[in-house]
Amino acid sequence: MRLELPTLQNWSCHNCAGCCRQHLIEVTEEERQRIVSQDWTPADGVPADRPVLVWHAGPPWKKRYRLGHRSDGGCVFLNEQGLCRIHAKFGEAAKPLPCRIYPYAFHPAGGRLAVSLRFSCPSVTANRGAAVAAQRPELTELATLAVPQGAENLPAPRLTRSEQVGWDDFQQFVTALDESFADPTAPLQLRLLRILTWTGIVEQSHFATVQGQQLQEFLGIIRQAAAVEHARFPMAVEPSRVARLDFRILAAAYTRKDTVDQLNSGWGGRYRLLRAILRFLRGTGELPAMQEDLPAVRFEALEGPMGRLTPGVEELFERYFRVKTQGLHFCGRGFYDAPFTEGVASLVLMFPITLWLARWVAAGKGRTQPSDDDVNLALNLADHNHGFSGLLGQGHMQTRVRRLAQTGGLASLCTWYARPT
């Protein structure tokens, strides 16, 4: 399958070891046996009081294992220099496949393979390293290992809950979305409102007889109509109480950090999580501390104006949206099997979610105005969960996103949390 690589993204590993502290890595039975046969001991630097493999799910007759973690949350194989002990001792090929693939993601797209990246990696967010387009040989090897045979025969994602087209026509929608995110003639907020408008029209349309050239013309017409409707810089519209409630519940899911300490925290941890949920539901008073970069602050600290988005922030969001779009990392098998229109809504939701979290990061440092670094960190935190949190994939959470898109709540959230004054 031909690889389609994001041309606007760079990445190289800079040994920050964030992935080794942020993620719980499940291993296959073959990988488990290989690690056991490596015979790790404290003499190799592995903690004596921690297992290298942990049974974390599945019945006794079909156990599922993950890599062990130290008490500070780091993988047991992470050394003091931020490097992997398995890699150092046995070579990269000996590591579990998820460790080798991260931060890349591969999504079959008919006869091609779309490649995306996870912005939970700081080097991805900062666009540091070698051009992804120059890494084709390495990515081809990883794709051979990661993508199952027959993936080229998988159907395209649904357009809506009731509409589906073939890969050629589906790619027309993806191209239109990518071009809309990249539109140099409009500020970012205006582009997002236009996208919500024309994808809302797609949600109400039928495509049984609209294909090929006719579909291309249709997309051109509705995109032009959306541009006419949103021709000027958007006025900030305060979200409704219902939209705010949906937003806070969704935002709470993006603040989760399921480290080993939280997983092993027992009933006390569950009680703290319940208290945090109740505070998010209330929406007043003090926000609970969710992780190191999101300490306890007051809700009011997150409601002030953002100021004009800097060129760096606009570049970050445009790159993020386009990498996710080109890599099909927003719908279908790459995103909870969501239809195109609902995946677009979830992707646009990342804009107000990230700006809200950036205010939280800034408030935790005693500042009222988020910096570019605060926005970068907020996107790191949010994309850790986006498309990968089981909670966000549940039906009631997807219903909230759908309701925000259909009622105009998502558009108001985009203007409210990006308002300059």
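## Strands 5 and 6

In this predicted model, strand 5 (residues 104–109) pairs with strand 6 in the antiparallel sense, over 6 bridges. Tyrosine 104 stands opposite leucine 117 of strand 6. Alanine 109 has arginine 112 of strand 6 as its bridge partner.

The two strands make a hairpin, with 2 residues between them. Glycine 110 sits in that turn and has a positive phi of about 75 degrees.

## The open sheet

Strand 1 (residues 2–4) joins strand 6 through 3 bridges, and this pair runs parallel. Arginine 112 is the strand 6 partner of arginine 2. Arginine 112 is also the bridge partner of alanine 109. Strands of a sheet pair through backbone hydrogen bonds, in either the parallel or the antiparallel sense.

What is the strand order of the open sheet? The 3 strands follow the order 1-6-5, with mixed pairing. Strand 1 and strand 5 stand at the edges, and each has a single partner strand, so one side of each lacks a neighbour in the sheet. Neighbouring strands are turned by 30 degrees against each other on average, direction ignored.

## Cover over strand 6

Arg112, Ala114 and Ser116 point one way from the strand. Leu113, Val115 and Leu117 point the other way. Both sets are buried.

Helix 6 (residues 136–146) lies across strand 1, strand 5 and strand 6. The helix runs at about 70 degrees to strand 5.

## The largest cavity

How many cavities of 30 Å³ or more does the model hold? The count comes to 3. The largest has a volume of about 120 Å³. Its lining holds 13 residues. Phe335, Ser346, Leu392, Gln398 and Val401 lie nearest the centre of this cavity.

Which helices supply at least two residues each to the lining of the largest cavity? They are helix 10, helix 14 (340–364) and helix 16 (395–407). Helix 16 gives the most, with 4 residues. By class, the lining of the largest cavity divides into 9 nonpolar, 2 polar and 2 charged residues.

## The second largest cavity

The lining of the second largest cavity has 6 nonpolar and 3 polar residues, plus 1 charged residue.

## Histidine 230

Where does histidine 230 lie? This residue is in the loop between helix 9 (212–229) and helix 10 (241–254). Helix 10 is also one of the helices that supply the lining of the largest cavity.

Is histidine 230 buried or exposed? Its relative accessible area is 18%. The cut-off for buried is under 20%, so histidine 230 counts as buried. Leaving aside neighbours within four places in sequence, histidine 230 is in contact with Leu190, Leu193, Arg194 and Thr197.

Conventions
Residues are numbered from 1 along each chain as its sequence is written. This is a predicted model: local features need pLDDT of at least 70, side-chain atom pairs count only at pLDDT 80 or more; totals for chains, interfaces and linings use all residues. Side-chain values use heavy atoms; hydrogens and water are left out. Buried means under 20% relative accessible area, exposed over 50%, partly exposed in between (1.4 Å probe, protein chains only). Contact means heavy atoms within 4.5 Å. On a 1 Å grid over the protein atoms alone, a cavity is a set of points where a 1.4 Å probe fits but cannot get out, and a pocket is an open set with protein on both sides within 12 Å along at least five of seven lines; lining residues have an atom within 4 Å of a point. Grid points are joined across faces, edges and corners, and a volume is the space filled by probe spheres set on the points. Ala, Val, Leu, Ile, Met, Phe, Trp, Tyr, Cys and Pro count as nonpolar, Asp, Glu, Lys and Arg as charged, and the others, Gly among them, as polar. Two strands pair if DSSP finds at least two bridges between them. Axes are lines fitted to C-alpha atoms, for helices over the stretch in contact, and angles run from 0 to 180 degrees between N-to-C directions.
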